[in-house]
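Welcome! Take a look at it first, then read on.

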Amino acid sequence: MIELKAEQPEDRWEVEALYDLCFAPGREALSSYRLREDVPPVSGLSQVARDTDGILAGAIRFWPVRIGEAGWPALLLGPVAVHPTHQGEGLGGALIRDSLAKAAERGWSRALLVGDAPYYVRFGFTPLCGVDMPPPTNPDRVLGLELVSEGWTDVRGQVLRWSGTQTPG
């Protein structure tokens with residue numbers, strides 16, 4: 001049995017070790033990490049999955065970003081990782097679905113990520129047009145999800161670091 005719960009400050013290093021295990025070296029050089037630097041993950045949406053022995057099985061994080069000159073708030077999903085001993089059990093999907101439902105409940109309108117469309121379309125993500133991640137990012141990998149009807153309507157521009165202290169939700 002796996003339990004999903006909000007990531008706590010004391011989980012940080014264990015989650016980072018999981019990301020190091022699951023992702024290639026140099027992951028922090030990606031442009032999405034520039035948007036995350038010195039910005040805390042969204043409390044309550046970033047989650048960990050632990051087995052009955054308390055061992056970390058998976059984790060997902062969300063970061064606030066803004067888009068374009070209008071500063072539309074959005075959630076940047078990622079990274080999401082599942083320990084190799086738990087891959088293929090649907091845990092990544094459970095983390096994604098549960099945390100996106102919480103995001104909608106907390107008033108977020110939209111989420112985006114940089115990832116593989118064949119995996120993320122099952123959760124409702126589609127390619128975004130007119131929303132640009134900082135280079136070097138393949139625009140075909142920039143995907144978005146509406147958490148409310150028309151959440152991406154008229155939202156255009158560069159994805160920018162979050163500024164300010166308040167986040168929706």
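Tyr119, Tyr120, Phe123 and Phe125 come together as one aromatic cluster. Keep in mind as you explore that this is a predicted model.

**Aromatic rings**
- The count of aromatic pairs, with ring centres within 6.5 Å, comes to five.
- In the pair of Tyr120 and Phe125, the ring centres are 6.0 Å apart and the planes meet at 75°, so this pair is edge-to-face.
- Tyr120 and Phe125 are also both buried.

**Charges over rings**
- Arg12 lies over the face of Trp13, 4.2 Å from the ring centre.
- Over the ring of Trp152 you will find the charged end of Arg110, at 5.9 Å from the centre.

**Fold**
- The chain contains nine strands and four helices.
- Among contacts with a separation of 6 or more, 70% are between residues 24 or more positions apart.

**Overall size and surface**
- The C-alpha trace spans about 45 × 35 × 35 Å along its principal axes.
- The radius of gyration is 15 Å, which agrees with the value near 15 Å for a compact globule of 169 residues.
- Buried residues make up 46% of the 169 in the chain.
- The chain exposes about 8,800 Å², and 53% of that area comes from carbon and sulfur atoms.

Definitions and conventions: Residues are numbered from 1 along each chain as its sequence is written. This is a predicted model: local features need pLDDT of at least 70, side-chain atom pairs count only at pLDDT 80 or more; totals for chains, interfaces and linings use all residues. Side-chain values use heavy atoms; hydrogens and water are left out. Rings of Phe, Tyr and Trp (its six-membered ring) pair if their centres lie within 6.5 Å; planes under 30 degrees apart count as stacked, over 60 as edge-to-face and the rest as tilted. Buried means under 20% relative accessible area, exposed over 50%, partly exposed in between (1.4 Å probe, protein chains only). A charge sits over a ring if NZ of Lys or CZ of Arg is within 6 Å of the ring centre and within 35 degrees of the ring normal. Helices (H or I, at least four residues) and strands (E, at least two) are DSSP runs, numbered from the N terminus. The radius of gyration is taken over C-alpha atoms; the globule rule is 2.2 Å times the number of residues to the power 0.38. Contact means heavy atoms within 4.5 Å. Accessible areas come from the Shrake-Rupley method with a 1.4 Å probe; for residues, only the protein chains shown count as cover.
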